Each structure stands twice: as C-alpha cells, then as structure tokens.
Amino acid sequence: MTSLIRHVTVDAADPFALAGFWAEALDGSLADDDFPGDPEAVVTTAAATLLFVRVEDRKAVKNRVHLDLQPQDRTRDEEVERLLSLGATLQGDHRRPDGTGWVTLYDPEGNEFCVERSAAERANR
C-alpha cells in the first residue's frame, strides 16, 4: 500500500491558540492532552487531522499550500461571516455578480485559506 496523509501540519507561533481557531472553524476538537504553551496541538475534524507545530520563524510570504473550505450547512457568505467573527480577516473577495467565486481569508496567524460555495449553491448555478 502507498503512503496516506496522517496530518496536515501548520507552522504556528502559538499552536494551541491557532488550533483553537481551526477547531471552532471546522467544528473539530483539540486533543485532550493539548494545553496553552504546548509546542504542538492537534485538531481532529470529520475530514482531516491538523497538526499545529511551534516554529520561531514568522510567516513572511504567501502559503505554498492552503485549505479550501466548502460549507456543509450554510452558504459561502454565511460561512465567511462566521469565520470573520471567529478571528479570520479578509484577504481577497473573489465573489462574482452571478454568485460564483470564492473568498480568501487569513487565519489569526496570517495563513491564507479560501471559502468556496456550498454543494447546494453549486447545484443551483
């Protein structure tokens, strides 16, 4: 058998805090043994496991890899508003007048990610 992806790993200045944002964003959970100040934190979601690891270097350039989120129980626009209320910030709005497109956000440490239309929105257009 070939290799499988075990974690998607994200470098972080504060792994526990950033993992907390992503646990909220993805309706996931932090590992029971993760605490503030730990050098790493794990978030388990229905679709993936994210590992946040402390690094001293600050983010300086655009991500080479990013997450694309597709809301499951709300629209793209509702999800963008929810994520902004959790601490994300707007990087770029690529929504088009016909309802297609996506929104690029930054997580609390400046990592880019995108929010696409839900499956229901895609089916209607």
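## Exercises on helix packing and sheet pairing

Aspartate 27 sits in the loop between H1 and S2. This is a predicted model, in which local features need pLDDT of at least 70, side-chain atom pairs count only at pLDDT 80 or more, and totals for chains, interfaces and linings use all residues. Residues are numbered from 1 along each chain as its sequence is written, and side-chain values use heavy atoms, with hydrogens and water left out. Helices (H or I, at least four residues) and strands (E, at least two) are DSSP runs, numbered from the N terminus.

### Exercise 1. The loop residue

Task: describe the backbone and the exposure of aspartate 27.

Solution. 
- Step 1. Start with the backbone. Just after H1, aspartate 27 takes a positive phi of about 50°.
- Step 2. Most residues other than glycine have a negative phi. Aspartate 27 is not a glycine, yet its phi is positive.
- Step 3. Turn to the surface. The relative accessible area of aspartate 27 is 73%, so the residue is exposed. The classes are buried under 20% relative accessible area, exposed over 50%, and partly exposed in between (1.4 Å probe, protein chains only).

### Exercise 2. H1 against H2

Task: work out how H1 and H2 are oriented, and which residues meet.

Solution. 
- Step 1. Take the geometry. Helix H1 (residues 15–25) and helix H2 (residues 76–86) pack at an angle of about 155°. Their axes are 10 Å apart. Axes are lines fitted to C-alpha atoms, for helices over the stretch in contact, and angles run from 0 to 180 degrees between N-to-C directions.
- Step 2. Classify the angle. Under 35 degrees counts as roughly parallel, over 145 as roughly antiparallel, 65 to 115 as roughly perpendicular, and the rest as oblique. H1 and H2 are therefore roughly antiparallel.
- Step 3. The crossing of H1 and H2 is right-handed. Right-handed means that the near helix is turned clockwise from the far one by less than a right angle, left-handed anticlockwise.
- Step 4. Name the residues. From H1 come Phe21, Glu24 and Ala25; from H2 come Glu79, Arg82, Leu83 and Leu86. By class, this contact has four nonpolar, no polar and three charged residues.
- Step 5. Look at one of them. Glutamate 79 lies in helix H2. With a relative accessible area of 5%, glutamate 79 is buried. Leaving out residues up to four places away in sequence, glutamate 79 touches Ala25, Pro71, Arg74 and Val115. Contact means heavy atoms within 4.5 Å.

### Exercise 3. The sheet of S1 to S4

Task: derive the strand order and the sense of each pairing.

Solution. 
- Step 1. Write the order. Four strands form an open sheet, S1-S4-S3-S2, with mixed pairing. Two strands pair if DSSP finds at least two bridges between them.
- Step 2. Find the edges. Strand S1 (8–12) and strand S2 (29–30) each pair on one side only.
- Step 3. Pair S1 with S4 (residues 49–54). The sense is parallel, over five bridges. Valine 10 bridges to phenylalanine 52, and alanine 12 to arginine 54.
- Step 4. Pair S3 with S4. The sense is antiparallel, over five bridges. Glutamate 40 bridges to valine 53, and valine 43 to leucine 50. S3 and S4 form a hairpin with four residues between them.
- Step 5. Pair S2 with S3 (residues 40–44). The sense is antiparallel, over two bridges. The partner of serine 29 is threonine 44.

### Exercise 4. The sheet of S5 to S8

Task: give the strand order and locate H2 on this sheet.

Solution. 
- Step 1. The order is S5-S8-S7-S6, in an open sheet with mixed pairing. The edge strands are S5 (67–69) and S6 (89–93).
- Step 2. Neighbouring strands of this sheet are turned by 30° against each other on average, direction ignored.
- Step 3. S7 (residues 103–106) and S8 (residues 112–115) pair in the antiparallel sense over four bridges. Leucine 105 stands opposite phenylalanine 113.
- Step 4. H2 packs on the sheet and touches S5, S6, S7 and S8. The direction of H2 makes about 145° with that of S8.

Conventions. Ala, Val, Leu, Ile, Met, Phe, Trp, Tyr, Cys and Pro count as nonpolar, Asp, Glu, Lys and Arg as charged, and the others, Gly among them, as polar.
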